[in-house]
Amino acid sequence: MDLYLLDWVNFLLRWAHVVVAIAWIGASFYFVFLDSSLVEPTDAGLRDKGVGGELWAVHGGGFYNPQKYLGAPKHLPEHLHWFYWESYATFLTGFALFTAIYLFQASTFLVDPRVHAWTAAPAIASALAFLVVFWLGYDAICRLFGRGNQAVAGALVAALVVFGSWLACSLFAGRAAFVLVGAMMGATMSANVFFWIIPGQRQVIAQMKAGEPVDPAHGRRAKQRSVHNTYFTLPVLAAMLSNHYAFLHGASGNWLVLVLMMAAGALIRTSFVARHRALVLGKRVPWEYAGAGCVLLVALAVWLAPSSSPAPAPAIAPAVPTFAQVQAIVGQRCSLCHNAQLANKGLRLDAPDMILAHAPQMYQQAVVLKAMPLNNATQITDAERGVLKRWYEAGARPD
């Protein structure tokens, strides 16, 4: 029953995390589009009110005319909508999900002795430190270049991400490392909202209510962090989704795989951001950024593709393993997580008919991808994988 309830917690947290993340990313993408698509109003009355840009749009059978003020409106509206709960809820549900899967079950999901041999406690502390230290380093860069060259600031942030990716993949199980890199960037996005964007907006409103001139520094700082957030979005999604694919997080040099995937996401996002402004100005859309991102993804696919050349045949072909040998290996290495009480991924391997029925999945995951057992928690050997390989390729017979 405890495992059943844990599965429900996992499912509900994952569902909630995806829902609020969609709300946050959707709002973020919309406002980036809006900022890039505004044109100077032609109505003198709007300009007198302080409107610096407007947009006409049609959606769902209706017409919309959003407007952006230069600085702040002359009079504070009675009803003002804030965008922050989406960010905070995404962080809270994501952290809860990370805790339930990776921290609560650190020995299985966070630690891989083949990568770094340590116990659960220091691994958990180090994973949490990643979230804090990355934020501190990122925030220091943004403070240092608050009014300086933003291209240099962006390059330093990118270097910090690359270093974090390499270090995570050097310390943690590949799957956990990919999620952790996505989490450290996602947590930083939410921290930007919590520590800078929302407080800056509250300060602007406080100055308006007090009849004081609005300090433009608040808007400048919020804009810097918002721009970073939009370029972080697709890399974070790439890191989070890729943990489901063992050929990515289990690859040799997996940190470079992760970095290249995130770089592809950032390049594709660059094209879409630039597209909004190009359409307003009547210029060519710079699709070459997205093209470069797609080239990176194709290069990754070619690099990670399994070899199609057959292995040289041994001088003396080894005997085909018996089903009893296979059953002994599966019973020791696989059925711990695939049994009547704990059928991970809905897969049971605790009975002969179950092993035969799921032989293709077992061969794919344990032999071809070497993704199972997860983090090799049951210490299956290459020789045992070889037994499973020869048995399956000989026809997976029950004798």
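Predicted model: local features only at pLDDT ≥ 70, side-chain atom pairs only at ≥ 80, totals over all residues.
Residues are numbered from 1 along each chain as its sequence is written, and side-chain values use heavy atoms, with hydrogens and water left out.

**Figure 1. Overview of the protein.** The protein has 15 helices and four strands. These are DSSP runs numbered from the N terminus: helices are H or I with at least four residues, strands are E with at least two. Along the principal axes, the C-alpha atoms fill a box of roughly 90 × 45 × 45 Å. Of the 399 residues, 40% are buried. Buried means under 20% relative accessible area, exposed means over 50%, and partly exposed lies in between (1.4 Å probe, protein chains only). Among contacts with a separation of 6 or more, 66% join residues 24 or more positions apart. A contact means heavy atoms within 4.5 Å. The accessible surface comes to about 22,000 Å², and carbon and sulfur atoms account for 67% of that. Areas come from the Shrake-Rupley method with a 1.4 Å probe; for residues, only the protein chains shown count as cover.

**Figure 2. The nonpolar cores.** A nonpolar core is a set of buried Ala, Val, Leu, Ile, Met, Phe, Trp, Tyr and Cys residues joined through side-chain atoms within 4.5 Å. The largest one holds 59 residues, and Leu110, Phe172 and Met185 have the most contacts inside it. Helix H7 (residues 174-209) supplies the largest share of this core, 15 residues. A second, separate core has 18 residues, including Phe323, Leu349, Ile355 and Met362.

**Figure 3. Close-up of Phe172.** Leaving aside residues up to four places away in sequence, Phe172 touches Leu110, Val115, Trp118, Ala123, Ser126, Ala127, Phe130, Ala177 and Leu180.

Figure 4. H8 (residues 216-242) has 27 residues. Its first and last C-alpha atoms are 40 Å apart, close to the 39 Å expected at 1.5 Å a residue. The expected span is 1.5 Å times one less than the number of residues.

**Figure 5. Ser242 in H8.** Ser242 is found in helix H8. This serine counts as buried because its relative accessibility is 2%. A polar atom of its side chain lies 3.0 Å from the backbone oxygen of Ala239. Beyond four places in sequence, Ser242 touches Phe178, Leu248, His249 and Met261.

**Figure 6. Val179 in H7.** Val179 sits in helix H7. It is buried because its relative accessible area is 8%. Val179 and Ala238 are 59 residues apart in sequence, yet their C-alpha atoms are 9.6 Å apart. Not counting residues up to four places away, Val179 touches Phe98, Tyr102, Ala239, Met240 and Asn243.

**Figure 7. Gln332 in H12.** Gln332 lies in helix H12 (residues 323-333). It counts as partly exposed because its relative accessibility is 49%. Outside four places in sequence, Gln332 touches Thr378 and Glu384. Ala351 is 19 residues away in sequence and 13 Å away in space, C-alpha to C-alpha.

How values were computed. Polar contact = N/O pair within 3.5 Å; in protein donor to acceptor, adjacent residues only side chain to side chain.
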